[in-house]
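Please look over the structure shown below before reading on.

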Amino acid sequence: MSVAFTREEDLEATAADLPDRPVSPHPNLVTPSGLTQIERELASARAAYAAAQAQGSIEADRTAMARATRDLRYWSARRSNAQLIETEPDGTVRFGGSVTIEREDGRSQTWCIVGEDEADPTKGSVSQVSPLARALMGKSVGDVVSINGQEAEVVAVD
């Protein structure tokens, strides 16, 4: 069937059938700032849901309601199973801490190990379930780890 003969309501109904955002099977460990981020996202989802309801007829904008409902379910689930982890520095790489590594090619990189929802590698944070974090957890200054087939030395732990 040609797109020219597709009714606008049909496109909107398809868009309204958004799949749920996948929830990780891993424990939802969060730092204090990660918990704040989840609560901020949950408040935003609640506001979007209320705004979609206030628009009057749900049929008027099914996509907005579907998106708001999906986000509200996701952030509610993430908040309900969040496990706040506050750790003190002990000289080893741990959740919530930072680690600096030096790679074989001389590059130095610093990473903060955080929860999945707060991880942003472009800003220097990686999820505790990432291969990088798993390789580094429990290591101390001077330890050498294998990351993607290359060796790196732990040069600082905060």
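With which residue does Asp-71 form a salt bridge? In this predicted model, the partner is Arg-21, and the closest N and O atoms of the two residues are 3.8 Å apart.

## Salt bridges

Arg-21 counts as partly exposed, at 32% relative accessibility. Salt bridges with shared partners also join Arg-21, Arg-70 and Asp-71 into one network.

The count of salt bridges in the model comes to 7. Among them is the one between Arg-79 and Glu-39, whose closest N and O atoms are 3.1 Å apart; this pair, too, links distant parts of the chain, with Arg-79 in helix α3 and Glu-39 in helix α2, 40 residues apart. Arg-79 is partly exposed at 30% relative accessibility, and Glu-39 is partly exposed at 37%. A further salt bridge brings together the side chains of Lys-123 and Asp-120, at 4.0 Å from N to O; here Lys-123 counts as exposed, at 69% relative accessibility, whereas Asp-120 is partly exposed, at 24%.

## Aromatic rings

The model contains 1 aromatic pair. The rings of Tyr-74 and Trp-75 have their centres 4.8 Å apart and their planes at 85 degrees, and because planes over 60 degrees apart count as edge-to-face, the pair is assigned to that class. Both Tyr-74 and Trp-75 are buried. The charged end of Arg-21, the salt-bridge partner of Asp-71, sits over the ring of Tyr-74 at 4.1 Å from the ring centre.

## The surroundings of Ile-38

Ile-38 is part of helix α2 (residues 32-54) and has a relative accessible area of 1%, so this residue is buried. When neighbours within four places in sequence are left aside, Ile-38 is in contact with Asn-28, Val-30, Trp-75, Arg-78, Arg-79 and Asp-117. Of these, Arg-78 is 40 residues from Ile-38 in sequence, yet the two C-alpha atoms are 7.2 Å apart in space.

## The sheet

An open sheet is formed by 5 strands in the order β5-β4-β3-β7-β6, with mixed pairing. The strands β5 (125-127) and β6 (144-147) stand at the edges and each have a single partner strand, so one side of each is left without a neighbour in the sheet. On average, neighbouring strands are turned by 45 degrees against each other, direction ignored.

Strand β4 (residues 108-114) pairs with β5 in the parallel sense over 3 bridges, and Ser-127 in β5 is the bridge partner of Val-114.

Key
Residues numbered from 1 in each chain as written. Predicted model: local features only at pLDDT ≥ 70, side-chain atom pairs only at ≥ 80, totals over all residues. Heavy atoms only, no water. Phe/Tyr/Trp six-rings, centres within 6.5 Å; stacked < 30°, edge-to-face > 60°. Buried < 20%, exposed > 50% of the residue type's maximum accessible area, 1.4 Å probe, protein only. Lys NZ or Arg CZ within 6 Å of the ring centre and 35° of its normal. Helix = DSSP H or I, 4+ residues; strand = E, 2+ residues; numbered from the N terminus. Contact = heavy atoms within 4.5 Å. Pairing = 2+ DSSP bridges. Axes fitted to C-alpha atoms, helices over the stretch in contact; angles between N-to-C directions.
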